[in-house]
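This report looks at a ligand site, at aromatic rings and the charges over them, and at backbone angles of note. Please keep the sequence and the model in view while reading.

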Amino acid sequence: MKISVIGCGYLGAVHAAGLASVGHEVVGIDVDAARVAVLSTGRAPFFEPGLDDLLAEGLASGRLSFSTDPADAADAVVHFIAVGTPQSAYGGGADLRYLDAAVEGLLPHLSADALIAGKSTVPVGTAERIAERLEQAGVRTIVAWNPEFLREGFAIEDTLRPDRLVYGVEAGPRGERAVELLDEVYRTVLDLDTPRLVTSRETAELVKVSANAFLATKISFINAISEVAEAAGADVTAIADAIGFDARIGRRFLNAGVGFGGGCLPKDIRAFRARADELGVGASLAFLGEVDSINLRQRDRVARAVVDALGGDPTGRRVAILGLAFKPNSDDIRDSPALDIALRLQSQGATVVATDPQAVENARRVDPDLQFAATAEDAIAGSDVTVLLTEWQQFRDLDPASIVGLPSSPYMIDGRNVLDPFAWREAGWIYRSLGRP
Ligand code: NAD
């Protein structure tokens, strides 16, 4: 099947390479010429495990190509839209400029029997608005919404073997045609008995933002409990373990720590609230404002713990930061709690030495004045306090006994609650975490 993917970022590049790997002929279109040039050599412009190989394989097969020219998408039957939908500069709502530009770029090249399948996360009503725009331009192309649930760091697995597929389509024969086309795109996924839900376009748009709102709420819930646990001298990790055994609750996403970040959850819950306000039901999602505040407060808590560890004045003191990406197995620093905390401490006068297995280059572009170290050991050497902020496996695996002699002061603040307090204390470290005695 001939497919185009418009927007080749963390979502689109993986989607394009994934579809080529299962036999489709895919062209990825992006306005960023440098990104297209890198992708065209079979390399990923960002870190995602396995993506380099998948891209190289796709290019070698002749089924995958990249271009900056939307005209190269003209003979595709399905056009996936995967451009960014960041937070607007003027409030919490989504900035749909890139999406609108992508649609306008495609307009002259759309055929009547083609399908636009949106993958970007959008405010409910966006698909309908795009369909109206096409109608106004006299273009008969069908519009569907097919939200994406991939997790960075596991993006290939999630693309080729997703938990579920959601097709948001219009009623009637045009909607049925959209389902037929998407079934053909996802034949290999459906062969794995993957659940497939066919809904209205509005429902599909809401599925995605509801999923992210739920996950964000779960994280902020346990972080709120961690504040109470800390005040009461209880252990939030044990609370999470105990309530997590309840099948109605589940243990995942109940890890107290520095909170969520990245290019999705924070901006998605804000855009969801903004859209609910527009729809006159803002009160229903007012709690997401609290979810957001709890989350941001976690960053304050960790930054304050560092300043406390330094006796109240970070000026000229050396702080080792382990992790810069918003999560492990990614180089993505968009709204990263780790980078945020590093920058705050630096602005308070600390000498911050940060390390991350993949995200240093991205962080350096944001702030060339941060100091970077190649390894955790290099960052920790000579530090007055060490803060773990992204739970990369190599940081979790650090042996406290063998590195206790490296820092000026062996003080570990575990911003992700992933280290063993007993082992670290036994090795001579002062160990502090969130919501644990
Ligand atoms: P990204 O910033 O990594 O990628 C967006 C890409 O779109 C960029 O390469 C940009 O150059 C390109 N672009 C912008 N305008 C364009 C245009 N007019 N034509 C062609 N290309 C254009 O963003 P992302 O993380 O891939 O996210 C994309 C969308 O997917 C967002 O709506 C996001 O919320 C959603 N999403 C992301 C993830 C994720 O894990 N990253 C998961 C699910 C959903």
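Helices (H or I, at least four residues) and strands (E, at least two) are DSSP runs, numbered from the N terminus. With that numbering, F253 lies in the loop between α10 (236-244) and α11 (265-278). The model is a predicted one, and the values below were computed from it.

**Backbone angles**

F253 has a positive phi of about 65° although it is not a glycine, and its relative accessible area of 35% makes this residue partly exposed. A second residue other than glycine with a positive phi, near 65°, is D193, which is found in the loop between α8 (187-190) and β8 (196-199). D193 counts as exposed because its relative accessibility is 68%, and the cut-off for that class is over 50%.

**Aromatic rings and charges**

The structure holds 4 aromatic pairs. In one of them, the ring centres of Y10 and F46 are 4.3 Å apart and the planes stand at 35°, so the pair is tilted. This pair links distant parts of the chain, 36 residues apart, with Y10 in the loop between β1 (2-6) and α1 (12-21) and F46 in the loop between α2 (33-40) and α3 (51-61). Y10 counts as buried at 15% relative accessibility, and F46 counts as buried at 6%. Elsewhere, ring pairs link F80, Y167 and Y186 into a cluster.

Charged ends also sit over rings: that of R151 lies over the ring of F154, 4.5 Å from its centre, while that of R164 lies over the ring of F149, 3.6 Å from its centre.

**The ligand site**

Which residues come nearest to the ligand, of the 27 around it? They are L11, D30, T85, E152 and K267. By class, the shell around the ligand has 13 nonpolar, 6 polar and 8 charged residues, and helix α4 (residues 97-106) gives the most to this shell, with 3 residues.

| Residue | Protein atom | Distance from a ligand oxygen atom |
|---|---|---|
| Y10 | polar backbone atom | 3.1 Å |
| R35 | N or O atom in the side chain | 3.0 Å |
| K267 | N or O atom in the side chain | 2.6 Å |

Taken alone, the ligand exposes 840 Å², of which the protein buries 89%. Y10 thus belongs to two parts of this report, since its ring pairs with that of F46 and its backbone has a polar atom 3.1 Å from a ligand oxygen atom.

Terms used. Residues are numbered from 1 along each chain as its sequence is written. This is a predicted model: local features need pLDDT of at least 70, side-chain atom pairs count only at pLDDT 80 or more; totals for chains, interfaces and linings use all residues. Side-chain values use heavy atoms; hydrogens and water are left out. Buried means under 20% relative accessible area, exposed over 50%, partly exposed in between (1.4 Å probe, protein chains only). Rings of Phe, Tyr and Trp (its six-membered ring) pair if their centres lie within 6.5 Å; planes under 30 degrees apart count as stacked, over 60 as edge-to-face and the rest as tilted. A charge sits over a ring if NZ of Lys or CZ of Arg is within 6 Å of the ring centre and within 35 degrees of the ring normal. A residue is near a molecule or strand if one of its heavy atoms lies within 4 Å of it. A polar contact is a pair of N or O atoms within 3.5 Å; within protein, one must be able to donate a hydrogen and the other to accept it, and residues adjacent in sequence count only if both atoms are side-chain atoms. Accessible areas come from the Shrake-Rupley method with a 1.4 Å probe; for residues, only the protein chains shown count as cover. Ala, Val, Leu, Ile, Met, Phe, Trp, Tyr, Cys and Pro count as nonpolar, Asp, Glu, Lys and Arg as charged, and the others, Gly among them, as polar.
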